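Trainee: I would like to go through this model helix by helix. Could we start with the contacts of a single residue?

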Amino acid sequence: MRCGPLCQLLWLWLCLSYIEAVPTQKIQDDTKVLIKTIITRINGVSHMQSVSKYSITGLDFLPGFQSALSLSMMNDILETYQKILINLPSRNLMQISNDMENLQHLLQLLASSRGCHFTQVPGLNSLKGSILEASLYSTEVVVLNGLKAFLQQMLRQLDFSPEC
């Protein structure tokens with residue numbers, strides 16, 4: 001008697017029954033560590049050390065302070081900052097952008113472990129317009145300061161296990 005697909009399926013099921021899911025707390029801890037890493041990278045950007053507060057008209061779409069952040073809101077805001085960082089031509093931002101992408105994946109994993117699902121963020125289609133090209137240095141400073149403030153807030157909010 002041949003075993004064939006049924007035996008393979010049973011063998012696969014047996015193997016999968018021994019696999020344990022990654023605990024939600026581990027995902028949350030990894031997310032916090034990555035947030036701290038990104039903040040450290042932002043602090044390490046040389047021209048961020050000597051800057052107080054810049055403001056640029058036209059960057060009103062940058063997310064402001066939110067008193068309570070859900071996982072969905074965190075994902076939307078990260079997506080917004082990620083789209084901006086991708087469009088800035090600075091070499092300083094490449095690793096930060098990669099870390100942001102990894103952070104989004106961790107956040108999505110955390111959300112799915114809690115049964116949450118994210119929808120696609122409506123796009124910032126015209127980012128390559130005059131705002132980003134007019135004063136790249138100032139735009140980079142404003143964006144990184146905003147991102148840093150958001151990440152610090154996100155770090156605090158993760159301690160309270162935010163909802164979907």
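Trainee: Leaving aside its neighbours within four places in sequence, which residues is Asn75 in contact with?
Mentor: This is a predicted model, in which local features need pLDDT of at least 70, side-chain atom pairs count only at pLDDT 80 or more, and totals for chains, interfaces and linings use all residues. Residues are numbered from 1 along each chain as its sequence is written, and side-chain values use heavy atoms, with hydrogens and water left out. Contact means heavy atoms within 4.5 Å. With neighbours within four places in sequence set aside, Asn75 is in contact with Gln104, Leu107, Gln108 and Phe118.

Trainee: Is Asn75 buried or exposed?
Mentor: Asn75 is found in helix H3; helices (H or I, at least four residues) and strands (E, at least two) are DSSP runs, numbered from the N terminus. Buried means under 20% relative accessible area, exposed over 50%, and partly exposed in between, with a 1.4 Å probe and protein chains only. Because its relative accessibility is 4%, Asn75 counts as buried.

Trainee: How many of the 17 residues of H3 are buried?
Mentor: The buried residues of H3 include Leu71, Met74, Ile77, Leu78, Tyr81 and Leu85. H3 is mostly covered, and the number of buried residues is twelve.

Trainee: What is the distance between the axes of H2 and H4?
Mentor: Helix H2 (residues 24-44) packs against H4 at an angle of about 160°, which makes H2 roughly antiparallel to H4. Among the residues making the contact are Ile27, Thr31, Leu34 and Ile38 of H2 and Ile96, Met100, Leu103 and Leu110 of H4. The axes of H2 and H4 are apart by 9 Å.

Trainee: In what kind of crossing does H2 pass H4?
Mentor: A crossing is left-handed if the near helix is turned anticlockwise from the far one by less than a right angle, and right-handed if clockwise. H3 passes H4 in a left-handed crossing. For H2 passing H4, the crossing is left-handed.

Trainee: Which residue just after H4 takes a positive phi?
Mentor: H4 covers residues 94-113, and its buried residues include Ile96, Met100, Leu103, Leu107 and Ala111. The 20 residues of H4 should span 28 Å, and its end C-alpha atoms are 29 Å apart, which agrees. Just after H4, phi is about 80° at Gly115.

Trainee: How far apart in space are Arg114 and Thr24, C-alpha to C-alpha?
Mentor: Arg114 is found in the loop between H4 and H5, and at 27% relative accessibility Arg114 counts as partly exposed. Thr24 lies in H2 and is partly exposed as well, at 30%. Arg114 touches Thr24, and also Gln28, Leu71, Ser161, Pro162 and Cys164, not counting residues up to four places away in sequence. Arg114 and Thr24 are 90 residues apart in sequence, and their C-alpha separation is 8.0 Å.

Trainee: What share of the 164 residues of the protein chain counts as buried?
Mentor: The protein chain has six helices and zero strands. Among its contacts with a separation of 6 or more, 85% are between residues 24 or more positions apart. The share of residues that count as buried is 38%.

Terms used. Expected span 1.5 Å × (residues − 1). Axes fitted to C-alpha atoms, helices over the stretch in contact; angles between N-to-C directions. Parallel < 35°, antiparallel > 145°, perpendicular 65-115°, else oblique.
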